[in-house]
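Please look through the notes below with the model open beside you, taking the points in order.

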Amino acid sequence: MGIFSKNKKKYATVSVSKTSKSIESKGAGAGSGLWEKCPSCHEILYKIDVKGNLKKCTNCDHYFGMTALERVDLLIDAGTFVELDKDLTSGNPLEFPGYGDKYIKTAEKTGMNEGVISGTGDMNGIKVSFAAMEFSFLGGSMGSVVGEKLTRAIERGVEENLPVVIVATSGGARMHEGILSLMQMAKTSAALEKLREKGMPFISVPVNPTTGGVTASFAMLGDIIITEPNALIGFAGPRVIEQTIKQKLPEGFQKSEFLLECGMVDVIAKREEMKDTISTLLGNLL
């Protein structure tokens with residue numbers, strides 16, 4: 001957008017009535033706002049332009065987060081996705097204060113019953129068992145139901161001889177559920193061992209951010225691990241690590257490019273190339 005160059009102040013004056021009509025005409029939800037600021041280049045962008053550019057900045061190519069449903073649209077052939085285990089919801093086994101209300105409000109806000117969507121679909125004609133996590137659902141935390149849905153997606157691959165593709169984005173284990181949340185790390189990992197014994201591939205796609213217990217379990221157990229540029233992938237935060245080891249971490253530590261250099265991930269694919277990259281790999285592995 002030429003009128004919002006880097007050397008100019010990012011101010012604009014619009015009327016309320018015109019804004020409402022403009023939002024409606026561009027398909028944005030009421031009250032959603034017309035613009036957003038890129039955290040990388042600080043350019044002011046039309047939200048509709050960002051969405052039409054695969055949720056990337058039209059100026060500097062910064063990657064904005066995608067919802068789980070947007071991941072389905074990005075990676076699964078149109079009209080082939082069949083959602084499964086949709087009605088599973090978490091309880092409050094520890095009677096954690098406020099957890100129940102927060103859970104209900106998050107479900108209403110996101111339109112999802114939990115922090116992951118799972119099912120089957122085709123990826124360039126290759127049928128897969130697929131799951132994608134939703135970071136806006138309590139920080140993408142892995143509680144008992146998220147772990148159960150992921151485990152079922154993996155077991156579906158075992159039972160139906162399907163490759164498994166999981167897009168992970170998470171802040172880690174959902175500590176509102178205590179040990180039940182931590183158990184999901186072992187459960188998902190055990191299910192992946194069954195998939196390995198069956199000889200079916202698991203493609204793990206950790207995207208920005210993937211941290212904590214999710215990184216420490218299934219997200220880093222892929223036969224092939226694919227991620228996006230400049231994605232944050234790690235266990236503990238850099239500040240915690242530096243305080244623990246009493247050393248300064250290298251520049252770019254825990255970013256996908258650093259992990260690729262160290263052999264922790266196998267491929268960095270641009271968002272527009274992700275589907276073709278995964279399907280090509282699957283075609284060679286199956």
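Which residues have the most contacts inside the largest nonpolar core?

1. They are F130, V165 and I278, in a core of 29 residues. A nonpolar core is a set of buried Ala, Val, Leu, Ile, Met, Phe, Trp, Tyr and Cys residues joined through side-chain atoms within 4.5 Å, where buried means under 20% relative accessible area with a 1.4 Å probe, protein chains only.

2. Please keep in mind that this is a predicted model, in which local features need pLDDT of at least 70 and side-chain atom pairs count only at pLDDT 80 or more, while totals for chains, interfaces and linings use all residues. Residues are numbered from 1 along each chain as its sequence is written, and side-chain values use heavy atoms, with hydrogens and water left out.

3. Leaving aside neighbours within four places in sequence, I278 is in contact (heavy atoms within 4.5 Å) with L75, M123, V165, I203, V205 and I226. Apart from this core lies another, of 20 residues, including M133, V146, L195 and V214.

4. The open sheet has 7 strands in the order β3-β4-β5-β6-β7-β8-β9, with mixed pairing, and two strands pair if DSSP finds at least two bridges between them. Its edge strands, β3 (82-83) and β9 (267-268), each pair on one side only. Strands β3 and β4 (residues 116-123) run antiparallel and are joined by 2 bridges, and E83 has G119 as its bridge partner in β4.

Conventions: Helix = DSSP H or I, 4+ residues; strand = E, 2+ residues; numbered from the N terminus. Buried < 20%, exposed > 50% of the residue type's maximum accessible area, 1.4 Å probe, protein only.
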